[in-house]
Amino acid sequence: PPELVPEPEPEPEPDTTQSEELTGEEKSSPLHQKRFNKNTVKPRLRANKGTTRDVIGSASSDGAPFSNPKEALTRCLQQLEHPEWEVTVQGLQTLVRLSCHHLALLSPVLHQVVVAVTKHIRNLRSQVARVACKASTCLFTFLGRGIENEMEELCAVLLNRTADTNRFLRADCNTALDAMVDHVGSSRTVATIVNKGAKHQNAVVRATACRLLLRLCGRLGPE
């Protein structure tokens, strides 16, 4: 029988995974630079979100009464005048708790409190302005007619910010104005809305004033 000759083993294919050495011209070519940048690009670091939500959420939870409300009121008034916005937010959060649980303490310093809240609603930092809107909502809700003498300027700044570009701030301002319509005397409320909102240059503010008057008419009824 014929002898069987073993077939020669195939030569191993060259390893294509290893990159060949490139010349200086090849390294400087746009194609090589594009591949190099694509492989060495670092992932972007995401910003830590949730700061605004945490601030507003902590203000929305009214919390428990203070064990020493007089000391809390003194600290609150100091924090409302503090230059750092984080401290100001703490003062507004304290004001929310005081208005919910220790309303009688606010009557002697109501003018000072309303002036501070009005100033912080104008704040360009949305975190501060939104917590100030929450504080004004509590003041309207729990003081009712007791805030009528101090409400005109507060209502004016809330109406102005209903035309803000921040939709969350607009919603907070409308919530505060709804609380004003629902809890403050109707005659003083109508006069303030007409004087500060119905004749405003901004159409959004005028529309808000009309909505508030409609809400008031619905609350009072046809009689």
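Predicted model: local features only at pLDDT ≥ 70, side-chain atom pairs only at ≥ 80, totals over all residues.
Residues are numbered from 1 along each chain as its sequence is written, and side-chain values use heavy atoms, with hydrogens and water left out.

The chain holds 11 helices and zero strands. Helices here are DSSP runs of H or I with at least four residues, strands are runs of E with at least two, and both are numbered from the N terminus. Of the 223 residues, 37% count as buried. Buried means under 20% relative accessible area, exposed means over 50%, and partly exposed lies in between, with a 1.4 Å probe and protein chains only. The accessible surface of the chain comes to about 14700 Å², and 52% of that belongs to carbon and sulfur atoms; these areas come from the Shrake-Rupley method with a 1.4 Å probe, and for residues only the protein chains shown count as cover. Among contacts with a separation of 6 or more, 70% are accounted for by residues 24 or more positions apart. A contact means heavy atoms within 4.5 Å.

Helix 6 covers residues 110–121 and includes H120. H120 has a relative accessible area of 6%, which means that this histidine is buried. Not counting residues up to four places away in sequence, H120 touches L80, T88, L92, V128, A129 and A132. One of these, L80, is 40 residues from H120 in sequence, yet the two C-alpha atoms are 8.6 Å apart in space.

Helix 7 (126–143) has 18 residues and reaches 25 Å from its first C-alpha to its last, close to the 26 Å expected at 1.5 Å a residue. The expected span is 1.5 Å times one less than the number of residues. G144 follows helix 7 and has a positive phi, near 60 degrees.

Two packed helices are described by the angle between their axes and the distance between the axes. The axes of helix 6 and helix 7 come within 8 Å and cross at roughly 145 degrees. On the helix 6 side the contact is made by L110, V113, V117, H120 and I121, and on the helix 7 side by V128, A129, A132, C133, S136, L139 and L143. The axes are lines fitted to C-alpha atoms, for helices over the stretch in contact, and angles run from 0 to 180 degrees between N-to-C directions.

A129 lies in helix 7. Its relative accessibility is 0%, so A129 counts as buried. A129 touches H120, I121, N123, R161 and L169, not counting residues up to four places away in sequence. Between A129 and V117 there are 8.8 Å in space, C-alpha to C-alpha, and the two are 12 residues apart in sequence.

Helix 8 (151–161) is mostly covered, with eight of its 11 residues buried. The buried residues are M151, L154, C155, A156, V157, L158, L159 and R161. Their cover includes helix 6, helix 7, helix 9, helix 10 and helix 11.

Helix 9 (residues 167–183) has 17 residues that should span 24 Å at 1.5 Å a residue, and its end C-alpha atoms are 24 Å apart, which agrees. At the start of helix 9, a side-chain oxygen of N166 reaches to within 2.9 Å of the backbone nitrogen of F168. The buried residues of helix 9 include L169, C173, A176, L177 and M180. Helix 7, helix 8, helix 10 and helix 11 (203–220) are among what covers the buried residues of helix 9.

Helix 8 and helix 9 pack with their axes 8 Å apart, at an angle of about 145 degrees. M151, C155, L158, L159 and R161 of helix 8 make this contact with L169, R170, C173, A176, L177 and M180 of helix 9.

T192 lies in helix 10 (residues 186–198). T192 counts as buried because its relative accessibility is 3%. Leaving out residues up to four places away in sequence, T192 touches M151, E152, C155 and G197.

Definitions and conventions. Polar contact = N/O pair within 3.5 Å; in protein donor to acceptor, adjacent residues only side chain to side chain.
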